[in-house]
Every structure is written in structure tokens, then in C-alpha cells.
Protein chains: 2
Amino acid sequence: MITNKAKYALKALTILARHSKQQFSAQQIAEEGNIPHKFLETILSELKNRKLVVSRRGSSGGYVLAKDPDEITAGDVIRMMDGPIAPLLCASPTGYRRCEDCEDEELCAIRKMMMDSRKALSSVLDKRTLKDLAKFGR
Amino acid sequence: MITNKAKYALKALTILARHSKQQFSAQQIAEEGNIPHKFLETILSELKNRKLVVSRRGSSGGYVLAKDPDEITAGDVIRMMDGPIAPLLCASPTGYRRCEDCEDEELCAIRKMMMDSRKALSSVLDKRTLKDLAKFGR
DNA sequence: CCTTTATCCTATAGAATTAATAGGAATTTG
DNA sequence: CAAATTCCTATTAATTCTATAGGATAAAGG
Ligand code: FES
Ligand code: FES
């Protein structure tokens with residue numbers, strides 16, 4: 001399960017991708033996506049620090065995607081907000097951490113399964129870009 | 001990410017699958033799997049209520065799988081311990097709940113992607129049985 | 001029957017994470 | 001200068017996670 005934070009980030013970025021190149025304020029995004037305004041602000045701030053969006057302050061300011069919509073994947077976004085997508089850290093390439101309780105991880109059947117799971121998840125999330133999300137539905 | 005509870009449950013059941021038909025005490029499982037003993041007890045208790053294991057009290061008591069190892073999937077176990085495997089409840093067949101913030105879920109691109117993710121995850125977790133886990137490695 | 005070894009049950013508690021909100025400083029436009 | 005907006009730092013309430021504690025209940029074996 002992903003957090004609201006990650007879901008909201010995906011929604012916000014998808015909205016920005018739909019209105020490509022236009023300045024869009026947090027307020028506008030919050031309304032269009034039904035996202036709590038102040039919460040969204042902190043999320044956008046993080047996305048800005050991570051260079052996914054560019055911001056402009058002041059009246060008629062707002063946010064714009066920092067890259068092409070097809071250069072940002074859902075996997076990128078989820079990892080930024082929630083951390084690794086692998087079900088266990090011992091199966092994560094990006095956030096690997098050893099399981100204290102497993103003696104030999106090479107022989108761990110659960111880890112092996114979780115690596116397959118991660119791969120399956122990745123085959124969806126790391127292939128779906130904001131462009132894909134933006135063009136479907138509403 | 002899954003919880004320790006789910007991971008420990010998988011480990012415990014895999015251990016039971018390896019020693020098929022033998023009574024195995026919580027103590028023995030805890031040692032073999034490096035699982036905190038008291039925590040494991042509560043987990044086994046839950047697995048018993050859910051009819052995955054059968055228990056026998058008293059001296060020389062312990063736990064045995066209630067079904068054939070190939071009749072219990074990793075997906076079953078994880079859902080019991082952690083709930084739905086879908087990344088969002090709006091994409092979960094087993095634990096469906098509407099997203100308050102999305103107006104029309106049929107047109108929601110994120111939901112669609114999460115349904116694909118769930119399916120991908122399911123294609124691993126719902127096909128891997130305790131038998132599969134038991135026969136690999138140690 | 002008594003001791004040992006287990007499961008079983010209920011409660012508790014600290015830590016971490018999540019999901020926000022608050023309040024105001026800094027900046028830009030017109 | 002006024003209005004709109006991002007930016008920054010804290011704080012909080014609720015929930016979930018990860019266990020541990022302590023004892024009641026039951027079975028086996030001598
Ligand atoms: S090594 Fe992580 S579950 Fe065994
Ligand atoms: S319906 Fe759940 S994310 Fe849109």
C-alpha cells in the first residue's frame with residue numbers, strides 16, 4: 001500500500017502534465033485533485049527539492065513540471081515519497097538492507113519471491129510515465 | 001512494503017511446511033527462524049484462528065499445517081496479516097474502498113495503473129505456495 | 001497427582017509513521 | 001503598496017507497528 005502522500009503527488013504531477021507548460025498554483029491543483037491544500041503544499045515543496053517541478057513565487061506564480069512528462073515514471077514518484085517499492089528491503093535494489101533474522105539471504109526463499117514481486121511491480125510502475133497517466137481519462 | 005508480522009508468518013509457515021506433519025513448537029520455530037518468541041506466539045495464534053495451522057497443547061504439543069503446503073499461497077498469508085496487496089484500496093478486489101478524492105474512478109488513471117500493479121503482484125504472490133517456498137534453499 | 005512443557009488470552013506500551021494543520025516569512029506581479 | 005503565492009518550520013492527533021508481560025489452561029509422562 002502506498003500513502004496518501006504518494007497518491008497526491010501522482011495526482012498533482014498528472015494534473016501538471018495535462019496542463020503542460022502552464023503555471024498552476026497549489027490552490028488550483030488542490031481544487032482539481034480534491035487534495036488538502038496545505039498538505040499538497042508540503043508535497044509540492046518536496047517535489048521541487050527533488051527537481052521534479054519548478055516553482056515561481058508571487059502573484060500568478062505556481063508550479064510547472066521540470067522535465068518532459070515522459071521522463072518521469074510513477075516509480076520515481078512513489079520511491080521519492082514512500083521509499084522503495086519492494087515488499088522487503090532485502091529485495092530492494094534502491095533501498096537494500098539486510099534482514100537480521102535470515103542467516104543466508106542467498107538461500108532465502110521469501111527474499112527470492114519478494115525479488116520477483118518487486119520485478120513484477122517495477123514492470124508496471126517504472127514503465128508508466130506521467131505522459132501515460134495524463135492521456136488516460138480525466 | 002510488508003510488515004514483520006507478515007514476514008514472520010511466511011517464515012513460520014515455510015518452516016512448518018518443511019517439517020511436514022511434525023509437531024513443531026513456537027519455541028522451535030522461533031529458533032529456526034530467528035523470530036522473537038512472544039511475537040511469534042501471537043502470530044501463530046492468529047494463523048490458528050484463520051485455520052492455517054492446527055495446534056496441540058501441552059508437553060510435546062506445537063503446531064502443524066492445517067492444509068497441504070500447496071494449498072496455501074503467499075498471497076493468502078500476506079492478506080491475512082497485512083490486508084490487501086493492492087497499492088491502493090480503490091484497486092483492491094479483496095479490500096475495495098472508494099477514493100473520496102477521485103470523482104470518477106472509472107476514469108482515474110492512477111487507479112487503472114494500480115490495478116495493473118496489483119495484478120502483477122498477484123501473479124507472483126498468489127501463485128507461490130508454501131510448497132514452493134519450502135523446497136527452495138534453507 | 002505432580003511437574004514440565006506447551007498453547008492460549010488479554011493487556012499494555014514504546015516507537016514510528018501518517019496525515020495533516022498552523023502561522024508566518026519571503027517574493028513577485030500589477 | 002496590495003494581493004497572491006511559494007516557502008519554511010513546527011506541531012499535533014491518530015494510527016499502526018513491534019513487540020513484551022503475566023498468567024490461565026491444557027496435555028503428557030512419570
Ligand atoms: S533475507 Fe529477507 S526475508 Fe530472508
Ligand atoms: S480512484 Fe483511487 S486513485 Fe483515483
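How far does a polar side-chain atom of A:S55 lie from a phosphate oxygen of DNA strand D? The distance is 2.3 Å in this structure, which is a predicted model.

- Of the atoms of DNA strand D that come within 4 Å of the protein, 65% belong to sugar and phosphate.

**Polar contacts with DNA strand D**

- A:S59 uses a polar backbone atom, which lies 3.4 Å from a base nitrogen of DNA strand D.
- Two or more residues of the surface near DNA strand D come from each of these elements: α3 (37-49), β1 (53-56) and β2 (62-65) in chain A, and α1 (4-18) and α3 (37-49) in chain B.

**Helices α1 and α4 of chain A**

- Helix α1 (residues 4-18) of chain A packs against helix α4 (residues 74-82) of chain A at an angle of about 140 degrees, and their axes are 9 Å apart.
- α1(A) and α4(A) are therefore oblique to each other.
- The crossing of α1(A) past α4(A) is right-handed.
- On the α1(A) side, the contact has A:K5, A:A6, A:A9, A:L10 and A:L13; these meet A:A74, A:V77, A:I78, A:M81 and A:D82 of α4(A).
- Eight residues of this contact are nonpolar, two are charged and none is polar.

Terms used
Residues are numbered from 1 along each chain as its sequence is written. Chains are lettered from A and ligands numbered from 1 in the order in which they are written. This is a predicted model: local features need pLDDT of at least 70, side-chain atom pairs count only at pLDDT 80 or more; totals for chains, interfaces and linings use all residues. Side-chain values use heavy atoms; hydrogens and water are left out. Axes are lines fitted to C-alpha atoms, for helices over the stretch in contact, and angles run from 0 to 180 degrees between N-to-C directions. Helices (H or I, at least four residues) and strands (E, at least two) are DSSP runs, numbered from the N terminus. Angles under 35 degrees count as roughly parallel, over 145 as roughly antiparallel, 65 to 115 as roughly perpendicular and the rest as oblique. A crossing is left-handed if the near helix is turned anticlockwise from the far one by less than a right angle, and right-handed if clockwise. Contact means heavy atoms within 4.5 Å. Ala, Val, Leu, Ile, Met, Phe, Trp, Tyr, Cys and Pro count as nonpolar, Asp, Glu, Lys and Arg as charged, and the others, Gly among them, as polar. A residue is near a molecule or strand if one of its heavy atoms lies within 4 Å of it. A polar contact is a pair of N or O atoms within 3.5 Å; within protein, one must be able to donate a hydrogen and the other to accept it, and residues adjacent in sequence count only if both atoms are side-chain atoms.
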